[in-house]
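I opened my notebook for a first walk through this structure. Here it is, so that you can follow along.

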Amino acid sequence: MNVLVTGGAGYIGSAVARVLVQEGHSVAVYDSLVTGHRAAVARDMRLFEGDTRDTSAVRAALQEHRAEAVVHLAAISQVGTSVLEPRAYFDNNVRGALSLLDAMLDLGVRDLVFSSTAAVYGEPDRCPILEDAPTRPVSPYGETKRMIEQVLARYGHAYGLRHTSLRYFNAAGALPDAGEDHRPETHLIPRLLLLAQGRGEPVTVFGTDYPTRDGTCVRDYIHVADLARAHTLALGALSAEGRVYNLGCGGGFTVGEVLAAARTVTGQPIPVAYGPRRDGDPAELVASSERITAELGWVPRHPGIEDILASAWDWMQRNPHGWQG
Ligand code: NAD
Ligand code: UFG
């Protein structure tokens, strides 16, 4: 298939684009580079530099690539910033998605895989979280993703848009040739590894009084290679009714366990401070991914936290300046 990957110069999109090519698809990237990196786009892939809100530029890219399907990852995604600047989030993420959908429907491109998030659930009543759990996003960021999911459901019904939403839990790790380089970096794993390399900002563990095994938050970390593979499966099973799948490994690790594993993998002491809770952090976010396993045969190949950390560490050691080296 000819696939246009929006956000393909970003962390997860650059992995998705590579895995789609390995699976035999012809891939082009559409990205504004607002947080992505030109160097993250593989040499054999065309980069259309543009914003999803520019409908005619998206239309031109779809036409030039003769796109049959779109994987839509382009979004801004810092939970905390979204609370302070909701306008930017609704504008970029919601207006961007509507504009992309206009361009697709104008040209009769009806197949879409959408990057959603565990943040649509907000504070869950129970873990592991099933897809039919209530969606009560706490942040504007999570709200933008829920809104787009709702739009897709309506467009499937009205226009035959064939769509699947993948609700990622905590993406982590790297492919051999594509890793994580957010600036500023807010995610736990790269922050710990940057510190191990001696070039990171100090890290504070946010909260030690949660009702968990060691008092720190539990998150469901998923290897970016496993995440990327799910997109190829989703592309092969799109329908106008639409489907929503959680993507996690179903176990979950505390911040303390991630820290211990990072010390083991890097052999570095990684000193951290312990501080108060971060606003909006639920104690535990763990996925049930049984639906995607049952329906699409997806199973994580790298469910262990050390495996995930080792792949990220390997990429960072070989790319000490990230994508800008
Ligand atoms: P990222 O910032 O590395 O990648 C996002 C990419 O989208 C960047 O290359 C950026 O330049 C591009 N982009 C943003 N707005 C754009 C626009 N209007 N037009 C064109 N390009 C635009 O982020 P990521 O961590 O790779 O996340 C990718 C997707 O996955 C996002 O949709 C995010 O919400 C979702 N997600 C990520 C995580 C995670 O753990 N990282 C978890 C759940 C969901
Ligand atoms: N954490 C710290 N110190 C830090 C950074 C993070 O203790 O310096 C903790 C957080 O409190 C949280 C855990 O480490 O408990 C993971 O935090 P991240 O910032 O790495 O990731 P989040 O869980 O906040 O969010 C990520 C994505 C969201 C997605 C969510 C789904 O960024 O888009 O996973 O679980 F919605």
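**Entry 1: a serine in a loop**

Which backbone nitrogen lies 3.4 Å from a polar atom of the side chain of Ser288? I looked it up, and the backbone nitrogen belongs to Glu290. A reminder to myself before going on: this is a predicted model.

Next I asked where Ser288 sits, and found it in the loop between β14 and α9 (290-296). Is Ser288 buried or exposed? Ser288 has a relative accessible area of 7%, which means that it is buried, since the cut-off for that is under 20%. I then set aside the neighbours of Ser288 within four places in sequence and listed its other contacts: Pro128, Ile129, Leu130, Glu131 and Asn246.

**Entry 2: helix α2**

I moved on to helix α2, which spans residues 55-64, and noted its buried residues as Val58, Ala61 and Leu62. Looking down the axis of α2, I saw these buried residues fall within an arc of 100 degrees, so they line one face of the helix.

What covers the buried residues of α2? My list includes the strands β1 (2-6), β2 (26-31), β3 (46-49) and β4 (69-72), along with the helix α4 (86-107). I also checked what comes just after α2, and there Arg66 takes a positive phi of about 50 degrees.

**Entry 3: salt bridges**

How many salt bridges are there? The count comes to 20, and I picked out some to look at.

I began in helix α4, where Asp91 and Arg95 are four residues apart, so about one helical turn separates them. Their side chains meet in a salt bridge, at 2.6 Å from N to O. Both partners are partly exposed: Asp91 has a relative accessible area of 27%, and Arg95 has 44%.

Then I turned to Asp209 and Arg277, whose side chains meet in a salt bridge at 2.9 Å, N to O. Asp209 lies in the loop between β8 (204-206) and β9 (218-219), and Arg277 in the loop between β13 (273-275) and β14 (284-285), so this pair ties together parts that are 68 residues apart in sequence. Asp209 is exposed, with a relative accessible area of 53%, while Arg277 counts as partly exposed at 43%.

My next stop was helix α10 (residues 305-318). Asp314 and Arg318 form a salt bridge there, with their closest N and O atoms 3.0 Å apart. Being four residues apart in α10, Asp314 and Arg318 are separated by about one helical turn. I noted relative accessibilities of 36% for Asp314 and 47% for Arg318, and each residue counts as partly exposed.

I also found a network: salt bridges that share partners join Asp51, Arg53, Asp91 and Arg95.

**Entry 4: cavities**

How many cavities of 30 Å³ or more does the whole structure hold? The search finds two, and the largest cavity contains about 50 Å³ of space.

I wrote down the lining of the largest cavity: Gly173, Ala174, Glu180, Ile189, Pro190, Ala312, Trp315 and Met316. Which helix gives the largest share of that lining? I found that α10 does, with three residues. Helices α6 (188-196) and α10 each supply at least two residues of the lining.

Note on methods. Residues are numbered from 1 along each chain as its sequence is written. Chains are lettered from A and ligands numbered from 1 in the order in which they are written. This is a predicted model: local features need pLDDT of at least 70, side-chain atom pairs count only at pLDDT 80 or more; totals for chains, interfaces and linings use all residues. Side-chain values use heavy atoms; hydrogens and water are left out. Buried means under 20% relative accessible area, exposed over 50%, partly exposed in between (1.4 Å probe, protein chains only). The arc is that of the directions from the helix axis to the C-beta atoms. Contact means heavy atoms within 4.5 Å. A salt bridge is a side-chain nitrogen of Lys or Arg within 4 Å of a carboxyl oxygen of Asp or Glu. A polar contact is a pair of N or O atoms within 3.5 Å; within protein, one must be able to donate a hydrogen and the other to accept it, and residues adjacent in sequence count only if both atoms are side-chain atoms. On a 1 Å grid over the protein atoms alone, a cavity is a set of points where a 1.4 Å probe fits but cannot get out, and a pocket is an open set with protein on both sides within 12 Å along at least five of seven lines; lining residues have an atom within 4 Å of a point. Grid points are joined across faces, edges and corners, and a volume is the space filled by probe spheres set on the points.
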